[in-house]
Amino acid sequence: MTSTISDAKDPKDGIDFESLPWNLNHPEEHCYVHLTTTSDGWTKEHYDPETDSGQLFDSVHKYNTTPLPVFPSMTSLNYGTTIWEGLKCYRNEDGKPIVFRPDRNFERFANGAAQMCLPVPSRELFLRGIQHVLQQNSHIIPPHGEGMKLYVRPMLLGSGQQLGLYPSPQFSLLFFVSPTGNYFKTATGGLQLHLETRRSRAARGGVGNVKCSGNYAVALKPLMDAKKQGFHDNLFLELETYHKDGNLESAILQEMSAANVFLVLRTGEIVTPSLERGTILPGVTRDSVITIVNEFAEELKVAMKESTGQDSNVTVSSRDITVAELKNATEAFCTGTAAEVAPIARLATGEGEVPFEVVFEHGQSLPGGPVTSAILKMLREVMVGDRSSNGTKDWLRDPFGSPDEFCKA
């Protein structure tokens, strides 16, 4: 089948988009896309970019009435061979739908597929799948407003049946959506984070840099335990750097359950943990913030002086950060597709752990300190096309534009 592109529909009446939690909302309104293949991989029968045709356009199903076929011996259920992405579509002030940096999601998705022994889809199939599912669900793209979005989740998993530990004989590529609000919508101030000193999210030589289901499964129990102590989330450590000498302050920071972290240091350096250890997910928002700080460093000097009291140049770095450096930060914030940029108010160990606590005065109220709030404002301006630079000019894509333009490298 060949696709047809229609204009985006207006947001559906009767849905209170502003009040939606971060969850699966109004599934009765959704359609999803489901393609399957074998070890032969994805072919032009699935999607042919030259003719803009293929099975992709015959593979749309109602979310509520067409469940996936699931068998006990399904490879992804038994061996965890599932990867996924998270990206968002929202409307600018003119009501026009926009997708933020889907090409970066493809790069991460392709890396994850290779790591999980899954067939890598072409860039065109992945991006055209995103475009197609958005066109099928345009009536639930929320109106323009803070934090509101149609969240898009592409997935790739082993859907074949077998008992042995081998790559699946069949694979499923899925695209589904949900209108959502902000991940930390219920927060009235900055986040209260637990410094997790006992359990690890990822280790060197593993798949901590892959957006696979296992990386979220391993974080779930620590997250529930942290919430019982009044925290919003955990900040994990490179545990071997703590256990090496037992000195907590020399341990290296990693990331949260589902977000990257940044510190604003008194020196004027904005710093985030390095990706070089292979234990941290390379967040799209993380990368966007690094670029924005580099592009608009001069403009951020006023906010930096207000935050630190120092008249210094603003720089941004990706490097190893120790727990001790938390004491030299005037602000801290986290980044993610769902969270965007959220301030951190406090970070502390919990019951039975080595005592440690840092309180960030600038993070006690929303939207955070001078630097955090300035970066959030810049990010949102870039996301709706009100701000641009050489480094950000190709970040926005129109899901109702031409396939060639949406899928370009």
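Predicted model: local features only at pLDDT ≥ 70, side-chain atom pairs only at ≥ 80, totals over all residues.
Which residues in H8 are buried?

**View 1. Helix H8, residues 370-383, and its buried residues.** Welcome to the helix of our opening question. In H8, the buried residues are Pro370, Val371, Thr372, Ile375, Leu376, Met378, Leu379, Glu381, Val382 and Met383. Because 10 of the 14 residues of H8 are buried, the rest of the structure largely encloses this helix. From first C-alpha to last, H8 reaches 20 Å, close to the 20 Å expected at 1.5 Å a residue. Just after the helix comes Gly385, with a positive phi of about 85°.

**View 2. Pro343 in strand E15.** Strand E15 covers residues 340-348, and Pro343 is found in it. With a relative accessible area of 4%, Pro343 is buried. Leaving aside neighbours within four places in sequence, the contacts of Pro343 include Gly190, Leu191, Ala332 and Phe333. Thr372 is also in contact with Pro343, and Thr372 is one of the buried residues of H8. For a sense of scale, Asn137 is 206 residues from Pro343 in sequence and 32 Å from it in space, C-alpha to C-alpha.

**View 3. The largest nonpolar core, with 40 residues.** Look here for Ile83, Ile130, Leu134, Leu156 and Leu173, the residues with the most contacts inside this core. Strands E1 (31-37), E4 (87-91), E6 (149-158) and E7 (171-180) each supply at least two of its residues, as do helices H2 (102-115) and H3 (123-136). H3 gives the most, with six residues. Apart from this core lies another, of 29 residues, among them Ala259, Leu263, Val323 and Ile344.

**View 4. Leu134 and its contacts.** Here we move in on one of the residues with the most contacts inside the largest core. Leaving aside neighbours within four places in sequence, Leu134 is in contact with Cys89, Val99, Leu150, Val152, Pro399 and Phe400.

View 5. To find Val70, follow the loop between strand E2 (60-62) and helix H1 (75-79).

**View 6. Trp22, in the segment before E1.** Is Trp22 buried or partly exposed? Trp22 is partly exposed, with a relative accessible area of 25%. Trp22 and Thr180 are 158 residues apart in sequence, while their C-alpha atoms are 5.2 Å apart in space.

Note on methods: Residues numbered from 1 in each chain as written. Heavy atoms only, no water. Core = buried A, V, L, I, M, F, W, Y, C linked by side-chain atoms within 4.5 Å. Buried < 20%, exposed > 50% of the residue type's maximum accessible area, 1.4 Å probe, protein only. Helix = DSSP H or I, 4+ residues; strand = E, 2+ residues; numbered from the N terminus. Contact = heavy atoms within 4.5 Å. Expected span 1.5 Å × (residues − 1).
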